[in-house]
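The sequence and the structure are shown first.

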Amino acid sequence: MNVVTTVDPRDGRRRPTDLVETDETRLETVAGRLSPAARWLSDLGRVGRAGMLEAIAASLESRRADLVAAAEAETGLSRARLDQELTRAAVQFRMFGEVLRDGAYVEAAIDHAADTPLGRGPDLRRMLVPLGPVAVFGASNFPFAFSVAGGDTAAALAAGCPVVLKAHPSHPVTSRVSGDAIASAVRDLGGPDGVIAVVYGDQAGLALVRHPAIRAAALTGSVGAARAIQAAIDERPDPIPLYAELSSVNPIVVLPGAAADRADQIADGLFASFTGSGGQLCTKPGLAFVPSDAAGDHLVDLLRGRVTAAAEGAVLLNERIRDAYEDRAAAFERAGARVSARPRVAPGAGFTVAPMLLEVGLPALTAEIAEECFGPLMVVVRYGAVAELDAVLATVPPSLTASIHRGPEDAPELVRRLVDVFVARSGRVVFDGYPTGVRVSWAQHHGGPWPSSNAVHTSVGATSIRRFLRPLAWQDAPEWVLPEELRDEYTAIPRRVDGRLEPGVE
């Protein structure tokens with residue numbers, strides 16, 4: 001058996017763990033527990049699962065010190081950042097408890113038997129039901145919020161689906177202790193082992209999505225990883241959905257009035273947004289369009305000064321990400337982008353890199369320079385007239401987000417033209433702000449056109465539960481066989497009855 005190793009990115013040293021890569025025998029054991037686990041989750045019902053999710057949140061918080069210490073040693077991310085991320089993970093579980101208690105997510109609808117223009121219509125009752133066991137692939141850049149204890153796990157468990165996590169190789173120990181925290185909460189409620197499981201190793205992950213027990217997969221990662229997982233899924237006789245959140249350049253347009261009105265504030269915001277967490281966020285702005293006028297020059301000078309002063313550099317998550325960052329930066333330079341600011345960072349062990357600010361004129365912006373660079377690098381694109389942006393922005397890869405900074409002198413019609421472009425090419429349009437920092441809420445959408453994601457569904461927020469549900473209709477069913485949400489006397493959740501929306505009444 002292959003021993004799983006872990007690396008501290010601050011020193012680059014590889015260390016063995018007491019974990020081993022999951023083999024075929026172990027995977028079959030995990031798969032064999034999924035059906036009883038699904039039945040237990042179903043028997044809990046919505047309110048019971050809400051209590052389970054709240055217990056999981058409490059279990060994670062009770063182990064905060066151990067979880068944060070494990071993640072800090074494996075990711076090089078700051079303790080403060082990781083502490084906040086763990087809080088976010090707990091918030092996600094609690095939010096889905098609220099979603100379950102509200103109950104509107106099941107989309108319950110009842111059409112009583114009745115005469116219609118087409119004849120006698122049968123009694124029909126429809127709602128969303130669990131899709132089945134879900135494979136979740138942990139993300140490198142979020143050891144909590146998008147990994148074992150992440151939003152995919154919370155959404156799938158809320159839907160009533162057991163979850164098998166494929167641990168990311170950048171943080172296997174963090175994955176194990178996170179899984180233990182969730183499993184402990186489930187056991188305290190009398191739940192079986194199969195509600196949550198963690199497997200290790202790339203081959204185990206591919207074997208997992210080929211297994212007939214798995215009914216959906218979710219990934220936050222690279223396009224390459226998504227293609228490999230999809231290829232494995234395509235080997236199945238029965239296809240399953242892969243919900244993948246992938247590559248995103250997240251363009252920001254600073255209009256002339258905004259540059260003139262608040263250059264210092266925008267320089268601060270841009271710097272924090274593209275360098276925070278080592279620039280290793282899926283919503284990091286990779287392109288900033290800044291006017292080629294005196295105000296734009298001043299803004300870029302301010303931004304250049306902030307980058308130059310960042311002498312400590314940024315620790316990237318692993319060697320592969322470090323190498324890809326350096327290769328992509330060099331490719332941008334070869335393609336015509338010039339280095340505007342790059343501080344001197346003392347060489348040392350580990351995966352520390354210098355943040356970089358590159359600059360290019362609008363006519364010289366190529367498809368290569370407009371690609372995502374994972375890490376603390378941003379390309380400033382200087383433009384003359386706002387009207388020049390329309391055609392260029394339509395060639396920038398679609399993204400999770402797009403942002404517009406306006407000033408008091410910027411005409412509404414200019415803003416509207418940009419909005420029209422961005423609505424067609426992003427999943428979230430940000431005004432006078434920065435895309436990093438994805439709120440966990442009912443109205444959030446975290447997805448976008450390919451290559452930012454491969455589905456219309458969000459991976460953050462209340463409606464992300466929709467990925468792990470499927471519609472089912474009951475026709476002329478006896479009442480005793482119906483879920484309680486579809487029985488006539490049940491009124492606790494919103495339902496559409498005979499075409500009319502009825503609010504829930506306790």
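In helix H1 (residues 24–32), Leu 27, Val 30 and Ala 31 are buried, where buried means under 20% relative accessible area, exposed over 50%, and partly exposed in between (1.4 Å probe, protein chains only). Viewed down the axis of H1, the buried residues fall within an arc of 95 degrees, so they line one face of the helix; the arc is that of the directions from the helix axis to the C-beta atoms. An α-helix has 3.6 residues a turn, so residues three or four places apart point the same way. On the other side of H1, Thr 25 and Gly 32 are exposed. The cover over the buried residues of H1 includes helix H2 (34–62), strand S8 (163–166), strand S9 (196–199) and helix H7 (202–210). Helices (H or I, at least four residues) and strands (E, at least two) are DSSP runs, numbered from the N terminus.

The model is predicted: local features need pLDDT of at least 70, side-chain atom pairs count only at pLDDT 80 or more, and totals for chains, interfaces and linings use all residues. Residues are numbered from 1 along each chain as its sequence is written, and side-chain values use heavy atoms, with hydrogens and water left out.

Helix H2 also packs against helix H4 (residues 79–102): their axes come within 8 Å and cross at roughly 170 degrees. Axes are lines fitted to C-alpha atoms, for helices over the stretch in contact, and angles run from 0 to 180 degrees between N-to-C directions. H2 and H4 are therefore roughly antiparallel to each other, a label for angles over 145 degrees. Residues making the contact (heavy atoms within 4.5 Å) include Leu 53 and Ile 56 of H2 and Phe 93 and Phe 96 of H4.

The loop between strand S20 (426–431) and strand S21 (469–475) holds Thr 458. A polar atom of the Thr 458 side chain lies 2.7 Å from the backbone nitrogen of His 446. Pro 451 is in the loop between S20 and S21 as well, and a cis peptide bond, with omega about 10 degrees, joins Trp 450 and Pro 451.

| Residue | Relative accessible area | Class |
|---|---|---|
| Thr 458 | 3% | buried |
| Cys 161 | 0% | buried |
| Cys 373 | 5% | buried |
| Asp 498 | 45% | partly exposed |

The count of disulfides (cysteine sulfur atoms within 2.5 Å) comes to zero. The sulfur of Cys 373 is 15 Å from the closest cysteine sulfur, in Cys 282, too far for a bond.

Conventions
Polar contact = N/O pair within 3.5 Å; in protein donor to acceptor, adjacent residues only side chain to side chain. Parallel < 35°, antiparallel > 145°, perpendicular 65-115°, else oblique.
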